[in-house]
Each structure stands twice: as structure tokens, then as C-alpha cells.
Amino acid sequence: MEAEGRVPGPPPPPLPHAGGGGIGIGSGAGAELPASPPGAARVPLLGAPAEVLELDDEEDDLEVFSKDTSLAEANSFSPSMTISPSSMINQYKFEDEPELRDLFITVDDPESHITAIETFITYRVITKTSRGEFDSCEYEVRRRYQDFLWLKSKLEEAHPTLIIPPLPEKFIMKGMVERFSDEFIETRRKALHKFLNRIADHPTLTFNEDFKIFLTAQAWELSSHKKQGPGLLSRMGQTVRAVASSVRGGVKNRPEMFTEMNDYMETFSQKINVLDKIAHRIYKEEREYFNEMKEYGPIHTLWSASEEDIADSLKGIASCIDKCCKATEKRMAGLSENLLPILHEYVLYSEILMGVLKRRDHIQSELDSKMDALANKKADKDLCSEEIGKLEDKVECANNALKADWDRWKQNMQCDMRSAFGNMADNNLHYYEECLATWESFLASQTVDRHGEEDSEDRP
């Protein structure tokens, strides 16, 4: 494994804010193995032998995305920007332009690590920043998928009513992707890159201390920091209390706006799940059509060898099919890069937003319970009044946090959907125009040839 730690260097140039920064979901925190044990072999990822990857038994390190589905990635660096070290620092003008980004994160260079009992993938995380709370302006560390799950859980724990950005799921659907194929790992890399950059763009999460530690700590430092968190029994206690709260029934004094949010998300979840399933089915059928087209064209070429009179027409048909096949491939790429990831991401959004609303209701139910106890004189009045005051403050903070993030999420969702559907329409338009022009050109050539043959026959 490459050495992890701080790499001194200047911050990068400011870039435009990544478009359509939605907010998403991941879940759970897995066991952590921050570094390869002594003697563990490192294998370059691309081109790694299939038999080596078969050693992996880390089923929870897999995700549900199709291997041909790539998430839209918010680039950290613009190719048009100057990146010379001497000019970078001068491009920051935070006093005059407070909206400029000051934290840039790149996830790249996936590597396979093999031990006696497992194979797992790590990713390089490069951070460049000009923030004063960081000791250096550039960091480079390596993280595995379970580290990202840990960060996700810590953010949820610290901000229970904020909408945490997305992570790819842990599990894989049978037949969807090949285990640890290059396409699968690249899909995950893009998802992890997007996850970190959306946290960096979030007005609250970006300043979370665990996020900073994730970006800067060496493997052993991160492992040590993880052990300082609440123990298993504490987390189980929190879960039991939440379940008990939900069993007691609905919240009595839920504000109307949160009831409307819940109703909205139920409808949204139903619609986005249907769209996601249909879009993936369309993509699957498109791929099957593409594979048939690849075999369809060469047959005409082979046939032309035994049909001299119509050989030119057969070759022309084969050429048109080949061009349409390439256009279909481009259309599929647009579908997998611009539409499928957005739809599936918002499937995850619907799940996490329902979870956020439940956590808000849990805080509300604690307050309702104390109010009932006070009203029924089942608790010490002074002590209960003090606890009620604290819970009222907690509920108010939770409500305000969710309101702000809800507005932000809806704005980003609408922007993402407009962009995805616009790209789909543009992609379809180019596809049909290209295919139409191809076949019109073929028909025109056949008309010219036919007239030429008729003229030759009319000559004495």
C-alpha cells in the first residue's frame, strides 16, 4: 500500500460549483481493516487475473449498481483552469467571493489487496484545501469501502435530521455485475468520489470533525479514532429506544409541514422506483438490440460475396447497420451515464429521507412522552420541566435543520431531474438524426445507381 499522510503543496484553483448536487444515502458501518497486513500482496487493479479476485469473500463490499452504469461524477478540476502552483493561491478571494469552494477531493487509483483470508479494494483520496483548520494544504490517504460506511454513520449520528449524501449499496444483485470487474470498481469509485464532494459542498457537513479526520488521518490514526466512538451496547440501546418509540404509535404533535413532507416522499418514492425499474429494463433491452445489430450487419457483407448483382446494395446495408450500431452504443452510454445513475440515486434519496423523518419523529415523541408524564403527574414536576425544556430545544433544532436541508434537497432534485431528462432528450435526438441521415444517404445512392443502370440500358 502506498504511504498515506500529508503532502505539502498549494491549494487548487477555484472552480464553479458542481451542478445538481443532490443528497443521498448509504447505510451502516462495517468492520475496519485500514491497511494490508504484513505480507499482503498488492495487485494492480486493471487487468488483474480473474482467479486472484475470486479469493474475495467480502460480500458486503459489493453494490447493486449495474456494471454498465456509471454515476455522473462532479469533476474536482477543470481542464481549462490554470493549475500552476505559483498562481493557485492568488486565485482565492474568499472575502470578495464567499461562494468559492475551498475544499477539493478526488477519489481515484483503486487497488486490490490480497490477504490469506480476503481480497479488498482501497481507493486513493486526495484532498486539496486552503482552510485554516487544516494543518496542510494537501493530503493523500487510502480508504476502503468500510471506511466510507463509517464516515456515513458518524455523520448520521452527529446530524440525525440532515440529509446525508449517497453511498452505493453494500450488496450486489445476482447476475447484475461481475464481482470486482474493472467496470464495477470504476462505478464504485465514481460513487465514492461523488459522496465525498457532496459532503464537501454541504454547508454544515463540510465542517464535521470526523469528515476532516477521514480526509487527513493515516490508516492507524483513523483506526484509533474509530475505537473512541460509542460501543456496541450503546448503539444497540439507541436502536431499541427508537424501535420502542415507533411501536408506541404516531407522533401526536407533529407539525403539518412534516406530515406533508412524509406524504410527498411516499408518492415520490413510488414514482421514482417505477421510473428506475423501467429505465433499467429499457437499457437491458437496448443492450440486447445492440448485440443483435453487431451480428446483423456482417451477414449482409458475407452474402454480398455470392450475389454479384446486388453486392453493392448488400454492402451498403451492412455499412448503414454498422453506423446505426455505433450510434446505438453512444445512446446507451448516454443512458448509463446521464439518466440511470440519477434515477437510482433518488431511489436512495427516498429511503434516507424517510429515515430522516422517522428520526425527527423520534425526537418529537420523546418530548410528547415527557409532556404526558407531566400532565398525568407521574414524574417529578421540576425535573420533568427541565427535561422538557431541553427536549423542546432539541426538537426546534431538529426541525430547523430538516427544513433547511429539505429545501436544499428539493432544489437540487429538480435541477438534477431537468438536467437528466434534458440530456436524455438531446441524446435521443442525435441518435435518430444520425440513423435517419444514414438511411437517407443509402436510399439516395440506390436511386442514383438505378437511374444509371436505366440510362445504360437505353443506349443503342
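## Helices and surface patches

Helix 3, which runs over residues 145–158 and so has 14 residues, reaches 20 Å from its first C-alpha to its last, close to the 20 Å expected at 1.5 Å a residue. The model is a predicted one. Eleven of the 14 residues of helix 3 are buried, so this helix is largely enclosed by the rest of the structure. Among the buried residues are Phe 148, Leu 149, Trp 150 and Leu 151, and the list also includes Asp 147, Lys 152, Lys 154 and Glu 156.

Helix 8, covering residues 256–304, holds Glu 260, and Val 274 is placed in helix 8 as well. Glu 260 belongs to a negative surface patch that is formed together with Glu 256, Asp 263 and Glu 266. Val 274, in turn, forms a nonpolar patch on the surface with Ile 278 and Ile 282, and these residues together have about 230 Å² of accessible area.

Helix 9, which covers residues 311–375, contains Ile 321. Although Ile 321 and Cys 435 are 114 residues apart in sequence, they are 9.0 Å apart in space, C-alpha to C-alpha.

| Residue | Relative accessible area | Class |
|---|---|---|
| Glu 260 | 47% | partly exposed |
| Val 274 | 44% | partly exposed |
| Ile 321 | 2% | buried |

Ile 321 counts as buried because its relative accessible area of 2% is under the cut-off of 20%.

Key. Residues numbered from 1 in each chain as written. Predicted model: local features only at pLDDT ≥ 70, side-chain atom pairs only at ≥ 80, totals over all residues. Heavy atoms only, no water. Patch = residues over 30% accessible without salt bridge, like charges linked within 9 Å, V, L, I, M, F, W, Y side chains within 5 Å. Areas by Shrake-Rupley, 256 points an atom, 1.4 Å probe, with all protein chains shown as cover. Salt bridge = Lys/Arg side-chain N within 4 Å of Asp/Glu carboxyl O. Lys, Arg positive; Asp, Glu negative; His and termini not counted. Charge placed at Lys NZ, Arg CZ, Asp CG, Glu CD. Helix = DSSP H or I, 4+ residues; strand = E, 2+ residues; numbered from the N terminus. Buried < 20%, exposed > 50% of the residue type's maximum accessible area, 1.4 Å probe, protein only. Expected span 1.5 Å × (residues − 1).
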